[in-house]
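Student: Could you take me through one part of this model closely, and show me what surrounds it?

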Amino acid sequence: MSTIGHPLSDISNLIVPYTITSFSTERRNSHPAFAPGAHTPGLPSRNEAIAWYAAVAGWDPATELAWGTAFAMFRDSIIFQGIASRYAVRQASSEEAKKVGEEMGPAAEICWELVRRAREGTKSRANL
């Protein structure tokens with residue numbers, strides 16, 4: 001997914017599968033191919049994807065990526081909550097909607113852990 005907005009949002013959204021899989025391979029949008037240290041032919045590593053993005057964008061997101069990644073997971077948890085809400089009032093009734101909605105809690109927990117790590121790793125604030 002791409003956005004028209006800050007490049008940090010774009011790269012953070014791009015690496016969400018790596019982020020989720022680093023916490024669990026059993027979560028929605030996770031896959032062992034994205035796990036740290038995994039080598040899947042044709043799939044760049046997280047660091048390669050970031051480096052390629054930086055080269056094309058002409059901007060290195062490294063100093064703000066911890067906060068951008070946390071924000072991406074926060075955004076996903078809100079989207080999942082909205083789907084859960086629609087499922088609860090039967091505006092979305094599929095089993096898939098139920099499964100997506102159930103991911104709001106785990107996504108929020110990942111987000112909170114990423115915020116904790118970002119706080120420990122930097123004294124600067126992101127410029128979103």
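Tutor: Happy to. Helices here are DSSP runs of H or I with at least four residues, strands are E runs of at least two, and both are numbered from the N terminus. This is a predicted model, where local features need pLDDT of at least 70 and side-chain atom pairs count only at pLDDT 80 or more, while totals for chains, interfaces and linings use all residues. Residues are numbered from 1 along each chain as its sequence is written, and side-chain values use heavy atoms, with hydrogens and water left out.

H2 spans residues 16-23, and six of its eight residues are buried, so the helix is largely enclosed by the rest of the structure. Those six are Val-16, Pro-17, Tyr-18, Thr-19, Ile-20 and Thr-21. Buried means under 20% relative accessible area, exposed over 50%, and partly exposed in between, with a 1.4 Å probe and protein chains only.

Let's look at Tyr-18, which counts as buried at 9% relative accessibility. A search of the whole structure finds one aromatic pair. Tyr-18 and Phe-34 form it, edge-to-face, at 4.9 Å centre to centre and 85° between the planes. Phe-34 lies in the loop between H2 and H3, 16 residues from Tyr-18, so the pair links distant parts of the chain. Rings of Phe, Tyr and Trp (its six-membered ring) pair if their centres lie within 6.5 Å; planes under 30 degrees apart count as stacked, over 60 as edge-to-face and the rest as tilted.Val-16 brings us to the largest nonpolar core, which has 16 residues; Val-16, Met-73, Ala-97 and Leu-114 have the most contacts inside it. Such a core is a set of buried Ala, Val, Leu, Ile, Met, Phe, Trp, Tyr and Cys residues joined through side-chain atoms within 4.5 Å. H2, H4, helix H5 (95-101) and H6 each give two or more residues to this core, and H4 gives the most, with six.
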